[in-house]
Amino acid sequence: MAPAALTAALLGGGLLLAAWRWLRAAARPGAGAGASMRGKTVIITGANSGLGRAAATELLRMQARVIMGCRDRARAERAAREIRAELGEREAAEGGGELVVRELDLASLRSVRAFCHRVLQEEPRLDVLINNAGIFQCPYMKTEDGFEMQFGVNHLGHFLLTNLLLGLLKNSAPSRIVVVSSKLYKYGEINFEDLNSEISYNKSFCYSRSKLANILFARELARRLEGTGVTVNSLHPGIVRTNLGRHVNIPLLAKPLFNLVSWAFFKTPLEGAQTSIYLASSPDVEGVSGKYFGDCKEEELLPKAMDDLVARKLWDISEVMVGLLK
């Protein structure tokens with residue numbers, strides 16, 4: 001009887017979890033429900049998978065011209081084909097939406113500059129920039145320019161990208177900048193004595209630091225853009241099932257349990273992307289700037305994420321690191 005009882009318990013538990021997930025998904029309205037992005041151009045970094053791909057799909061569905069900024073062009077082209085197939089070529093074309101792939105490696109300032117140069121040459125307007133791409137808890141490695149990888153990609157690459165596109169965003173105002181951070185910012189500190197982790201490296205701490213830097217960057221940028229018609233907001237997507245955690249080692253015996261837990265309790269990429277979509281498209285946040293969101297609602301930040309002196313110092317140092325100032 002014991003094996004039969006165990007099987008019944010597992011089956012019953014699985015059915016309950018499936019029902020719970022279905023009810024949760026059914027209860028969550030689409031962030032962009034009823035909205036139209038026709039005539040608007042959106043850039044999404046890291047749009048070939050995970051949150052970025054989900055956001056690209058939904059914004060294309062809302063008739064936006066979506067530029068996918070991705071490191072691996074082949075993977076991005078494949079994702080674009082799959083997105084078009086999912087929506088249907090005819091639906092995308094009739095709706096006015098367009099999906100464009102552009103190569104962008106945030107671990108290379110040269111690549112960031114080349115991407116921005118092409119955008120400025122080819123795009124008459126830019127309505128939304130979603131800084132989505134990121135790397136999570138990788139072993140110690142450096143970018144092409146010698147920066148610690150997590151800080152270099154998650155913060156510095158996006159810092160340069162945003163600054164180089166600011167002119168176009170201002171000319172296209174009202175426009176929006178959306179910065180994807182993480183709740184894990186709470187465990188990070190901005191150590192100006194070792195921003196590049198030359199003295200010590202902890203992959204978890206460095207990820208949290210890069211996500212804290214995202215929020216401080218968004219806060220300072222919002223201050224600098226007051227009165228321009230360009231808004232900046234940051235967000236956390238929650239715990240989402242994506243390939244962001246590919247550098248995290250899970251013991252082989254624990255993987256089945258982890259997979260079950262993640263399926264039951266983690267958000268899907270589409271669920272996780274809802275706040276990005278909301279901040280990019282909703283009239284509810286027209287004119288709102290310098291705030292932090294989760295689940296499409298404004299949330300409070302810890303004091304260290306609202307330290308304007310640290311935010312300005314980080315900005316000044318970042319400008320030098322990426323070559324905007326000599």
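Let's start with Arg75, which counts as partly exposed because its relative accessibility is 31%. On this scale, buried means under 20% relative accessible area, exposed means over 50%, and partly exposed is in between, with a 1.4 Å probe and protein chains only. This is a predicted model, where local features need pLDDT of at least 70 and side-chain atom pairs count only at pLDDT 80 or more, while totals for chains, interfaces and linings use all residues. Residues are numbered from 1 along each chain as its sequence is written, and side-chain values use heavy atoms, leaving out hydrogens and water.

Back to Arg75: you'll find Arg75 in helix H3, residues 73–87. Helices here are DSSP runs of H or I with at least four residues, numbered from the N terminus. Patch members have over 30% relative accessible area and no salt bridge, with like charges joined within 9 Å and nonpolar side chains within 5 Å. A salt bridge is a side-chain nitrogen of Lys or Arg within 4 Å of a carboxyl oxygen of Asp or Glu.

Now, which residues make the nonpolar surface patch of about 230 Å²? They are Val320, Leu324 and Leu325. Val320 lies in helix H11, residues 308–321, and counts as partly exposed because its relative accessibility is 47%.

Helix H11 also holds Ile317, which is partly exposed at 27% relative accessibility. Beyond its neighbours within four places in sequence, Ile317 is in contact (heavy atoms within 4.5 Å) with Phe192 and Leu195. Ile317 and Leu195 are 122 residues apart along the chain, with their C-alpha atoms separated by 9.8 Å.

Note on methods
Accessible areas come from the Shrake-Rupley method with a 1.4 Å probe; for residues, only the protein chains shown count as cover. Helices (H or I, at least four residues) and strands (E, at least two) are DSSP runs, numbered from the N terminus.
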